[in-house]
Amino acid sequence: MSNPFVMPAPPWPSVANNADSVYGQCLRCAMTPVSLVQPDGTLYVANIFDLIGGMSSGRLNLAEALSRRLVTKRGTLIGAPNYGYDVTDLLNDDLGTAELNELGSNVEAEMKKDDRVRKAAATVTVVGNLLMISVSITDAVGPFTLTLMVSAVGVSVILGTA
Amino acid sequence: MPGLTTDQLFQPQSPDEWAATLLANAVVLNLPTTSWRDGDPEKTIFAVESFAFSYEDSVQSAVNQGNFLDFAASGTVPFYNVDGTTTIAPVSPDPSIAGQNPTSATTLLDTLANGKYNCFRIAATFAAGSEALININPTTYGPYAPGTYHVYNPTTQASYSNVFALTIPQSTEGVSVSNVTASSGLILVTTSVNHGLTTGEIVALVGVVGIPPLTLPTAWTVTVVSSTTFTLQGSVFSGAYAGGTGVVWLPTVAAFQADVIGAGSTSATPHTINGSLTSLVGVYCDNLGGFFGTNVESNASLANRCRLKLQSNAPAPPVAAYISVALNAQQLAPLLSTPMTIAQPITRVSLVVDPLSGGIILYCANANGIPSAGDVASLNAVIGAYAEGTGQSSIALACTATNVAAVLDVYLPSASNTAANVVLFQQALATYFGVAPIGGLTDPGGAYTNVIPIDAVLGACFAAAQASQVPVKQMQITLNASFGNISLSAEAVAVLSPAIATIRMHTVPS
């Protein structure tokens, strides 16, 4: 299928601040699975997002987009078969140094799929039952850090400066 | 809203087209968003909606097509799946096509045919008939609940079971056979003493040696010639009787029907359902007549009857009205003021108009060939009541039969040289001859007139192989021991004889 989703040409509607030219705006949301009934009666389950009110803009918008990539199982997003790398899948795995390094590489690769990300370097550590992923990211404005703490109860995201 | 074309009514929008529409609307509405990347909520919401809207489009397309006869019968609709594939679904899944509509669920075509044309799809029937059970053991077996005593045709493997509760007492042993000879081609049995039979009674002959049709215990309806002789109806004499062999028994006769519905269980020839699946010591079985089952009517046939029905309702009914009424006769016969029945639906009709008198002659056939005299009588009553206009005269006649012996040679890899594939080709030939028109086919270009084209028969076999993915390397067929077409008279229908075609499978390297 061709991709009908192309970003409209600027000027974009309702540009709130200068940062929109870098990060854009989108709806604030939390992730939740939804299901579609297909013509053959089978269910197709995909991740979609509960809107939680307001708009997300600036670097926070980018951080949310990158976080979504890391909690979405690849192949479950409609129209984007290569989108996503679900780090929560790895929670109960026996992770050694080699596995953690591979995990870090996969996280970096997933981050770089976003065209706003120029560089990404990930460090992954295990602290007790917590998987801590720290990613140093450089975008058009400059460097910042994104830290995800993955546990059995959910994923916390901390957006920091470089 | 601008007017819609027929194409727009029938062609659903794809998810891509819907997504583009939604995106354009978002821009026009100045939605406060600038993000359309993978994973962005807006894009995902639009994508989900696009598939949902496209699905509704597809459903609506089917509904729209379902209002038009030809589209309802053979139209298709694309359904776009979220995995990027497209499923092409028929507007009306055809119950006559394997796998499309196995439960014969009501389709849009049925709704249209019933509601607008008052035509109803002809349902599949079980092959059914009378089975004689010969019990030479001094034991009573049963009772067997309906559907629990099974017999089968060893050639086709089709199985049948009792329609009603069945008890099989020991058959009454009659007189001994003293001679078996020919009488006008029939088998004439002479008994050692008075047989005490009356014409129409059913007997079984057990233990006769030297007469091939009587090698197995077989059941027959008799025509009494004298107190010590009778002929076997429908028999063909052959062989030489071995003196002193054979006894006449009086069997139990019970109604049996196929375990599987449809024409696939047809056993057209008597004395072919003679295998016992429910195996009892000393009990033999044999069918007295043909067991005929019919397949559910196809979409194309139902649509054709609807169209003819429309013509028959015209103020001055054209001759097509006769065809319509004939093809619907099975459903119309019970509605006559004196209700009648037609056992096997009339499925083939050929109409001739006498150019001098204007009288109409309607030659008719069913899926198995020549209709019974009773069915033709009922058809005449139906035509008189429903088709014949004032001042018109008509008569329905059974077609004549041209017997065709088909021998098919199939060359295929050993893995495909199976009994199931033998049955596949037998059924393909039975299906072809079951619908071949009265008078055969005539080439518009003049290449042939009133024939069964051998190439078409062979094509039907190839099509069956292709549909079942049987990797046939080569095929050849003879019809009546010839590689040529079979010529028919205008009122004749080609009938497979024997009813089960001969299939010779040859293994070749794959």
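Modeller: Helix H2(A) is mostly covered, with ten of its twelve residues buried. Buried means under 20% relative accessible area, exposed over 50%, and partly exposed in between, with a 1.4 Å probe and protein chains only. Helices (H or I, at least four residues) and strands (E, at least two) are DSSP runs, numbered from the N terminus.

This is a predicted model, in which local features need pLDDT of at least 70 and side-chain atom pairs count only at pLDDT 80 or more, while totals for chains, interfaces and linings use all residues. Residues are numbered from 1 along each chain as its sequence is written, chains are lettered from A and ligands numbered from 1 in the order in which they are written, and side-chain values use heavy atoms, without hydrogens and water.

H2(A) covers residues 58–69, and at 1.5 Å a residue it should span 16 Å; its end C-alpha atoms are 18 Å apart, which agrees. The expected span here is 1.5 Å times one less than the number of residues. The buried residues of H2(A) include A:Asn61, A:Glu64, A:Arg68 and A:Arg69, as well as A:Leu62 and A:Leu66.

A nonpolar core is a set of buried Ala, Val, Leu, Ile, Met, Phe, Trp, Tyr and Cys residues joined through side-chain atoms within 4.5 Å. The largest nonpolar core has 31 residues, and those with the most contacts inside it are B:Leu408, B:Phe425, B:Leu429 and B:Phe433. In chain B, at least two residues of this core come from each of strand S22 (406–412), helices H10 (419–435) and H11 (454–467), and strands S24 (474–479), S26 (492–496) and S27 (502–507). H10(B) gives the most to this core, with six residues. Contact means heavy atoms within 4.5 Å. Leaving aside neighbours within four places in sequence, B:Phe433 is in contact with B:Arg348, B:Val404, B:Ile452, B:Val457, B:Leu479, B:Ala494 and B:Leu496.

Chain B as a whole has eleven helices and 27 strands. Of its 510 residues, 45% count as buried. Residues 24 or more positions apart account for 70% of the contacts in chain B with a separation of 6 or more.

B:Leu29 lies in the loop between helices H2 (15–28) and H3 (41–65) of chain B, and is exposed at a relative accessible area of 60%.

Some backbone details remain. A cis peptide bond with omega of about 5° joins B:Gly142 and B:Pro143, and B:Pro143 is in strand S4 (residues 141–144) of chain B. The bond from B:Ser497 to B:Pro498 is also cis, with omega near 5°; B:Pro498 sits in the loop between S26 and S27 of chain B.
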